[in-house]
Amino acid sequence: MKIIIIGCGKVGFALAEGLIQENHDVTIIDSSAERMQGVTEELDAMPVIGNGSSISTLLEAGATDADLVIAVTGSDELNLLCCLIAKKQWNCHTVARVRNPVYNQEIELIKQSLGISMIINPELAASAEIARLLRFPSAIKIDTFAKGRVELLKFRLLPEFKLNQITIADLPRHAKCDVLVAGVERGENAHIPNGNFVLQDGDLITIIASPKNAAAFFRNIGLKTNQVKNCIIVGGGTIAVYLARQLLEMKIRVVIIERNEHRCQELNEYLPEATIIHGDGTNKKLLMEENLEGAEAFVTLTNMDEENIMLSLFARKISKAKLITKVNRMSFDNILDQLDLGSIIYPKYITADYILQYGRAMQNSIGSNVETLYHILDNKAEALEFCILKNSPVVDIPLKDLRLKRNLLLGCIHRKGKVIIPRGNDSIQVGDTVVVVTTQKGLDDIQDILEK
């Protein structure tokens, strides 16, 4: 597809990287010549310097035959204007990033009125992911499929679970419930394991299960499954506002520490039920006064990665809190994995995944649709949810008879409200949604799981 990205900040750059890897023809528009220099040096994309809401700039970028225009500048209003012009002028698909909480209640109305295909709010998406983790603190990462009926959960294998040297095939018997291991990260390597794969303490395990079976699995191996009762958040930005609202609805007590006095006054208005503390979240004395030692969750959402990392390391040392660390830059991700910072949230990659998912769905041609897409196993694999809309070469054939690509796992079938962990005699039916885990990037259609 021919795709134009307007705005080359963190999200725009990450998005361009992902789309180029999937062999799309990408053009990036940005008004900053300095930012565009990085594009020409690091990405195989055509750079256009200019204002993305200008028709002449869009024409220079090739908007007349573009399939998709994505606006992710720092201004919500500019993003909406860019998409409106592209839609009305050339009738192409459009995606806009809209971040301001003021627009949150009006998103559907804005989308329909302007004819925008998709509106993404990175802060709201990030806060929803954090809230899921605080509802189920045993997991490091949780992704959902089939409208929440299927979960993909990541956790670290510890000696107290007594699963060391157990094969994947024997795991359901030890755990006494129906789960499927979709991936294992060991050191620098990521595996999509078969039944003979042997687990080791320290592995990062990703499982697929229904929420009920996931809870039973963690309970049976001795991991806590109840949601947290209280949470300390450092940093009072937009993510903190969205997150606090969700946590308060879950009856979780919320304390937000914010160093800007004016922002504290705004937070008091937005969140009357939360406790807002004006102070420096990196002040050890303040954290101890707010009972960090007794906190069940500690979330670092400042604008500085270094602060977030340092605070999480400190909290890990003095408390048993569920840790969630926001990180914007990926430069040192290998080092971060070794620091045990709890769950690491990358807002720009959450946003990029949502938009890539939309792009896959647009490309789809035959008998299914990419409903959901997540990058997993340290970005080395993808978990995709396909909706089987009509007959295709995979329907009504026992799974054991399908010639599947290597490093690909059929993780789950969701059929009429029932979650099926598939076995060899099961088959895919029209109307199912199917979760596939694979290291093969760029699957657009369910038949892409087959060897040619």
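View 1. Glu 371 is found in strand 18, which covers residues 368-376 (strands are DSSP runs of E with at least two residues, and helices are runs of H or I with at least four, numbered from the N terminus). The model is a predicted one, in which local features need pLDDT of at least 70 and side-chain atom pairs count only at pLDDT 80 or more, while totals for chains, interfaces and linings use all residues. Residues are numbered from 1 along each chain as its sequence is written, and side-chain values use heavy atoms, with hydrogens and water left out. With a relative accessible area of 35%, Glu 371 is partly exposed (buried means under 20%, exposed over 50%, and partly exposed in between, for a 1.4 Å probe and protein chains only). Leaving aside residues up to four places away in sequence, Glu 371 touches Gln 357, Glu 385 and Cys 387, where contact means heavy atoms within 4.5 Å.

**View 2. Helix 6 against helix 9.** The axes of helix 6 (residues 122-135) and helix 9 (residues 238-249) come within 8 Å and cross at roughly 40 degrees, which makes helix 6 oblique to helix 9. Here axes are lines fitted to C-alpha atoms, for helices over the stretch in contact, and angles run from 0 to 180 degrees between N-to-C directions; angles under 35 degrees count as roughly parallel, over 145 as roughly antiparallel, 65 to 115 as roughly perpendicular and the rest as oblique. Among the residues that meet are Leu 124, Ile 130 and Leu 134 in helix 6, and Ile 239, Tyr 242 and Leu 243 in helix 9.

**View 3. Helix 9 beside helix 10.** Between helix 9 and helix 10 (residues 261-270), the axes come within 11 Å and cross at roughly 25 degrees, and the two helices are therefore roughly parallel to each other. Thr 238, Val 241 and Arg 245 in helix 9 meet Arg 263, Leu 267 and Tyr 270 in helix 10.

**View 4. Aromatic ring pairs.** Rings of Phe, Tyr and Trp (its six-membered ring) pair if their centres lie within 6.5 Å, and planes under 30 degrees apart count as stacked, over 60 as edge-to-face and the rest as tilted; by this rule there are seven aromatic pairs. The rings of Phe 155 and Phe 161 have centres 6.3 Å apart and planes at 55 degrees, so this pair is tilted, and both residues are buried. Ring pairs also link Phe 155 and Phe 161 with Phe 136, Phe 217 and Phe 218 into a cluster.
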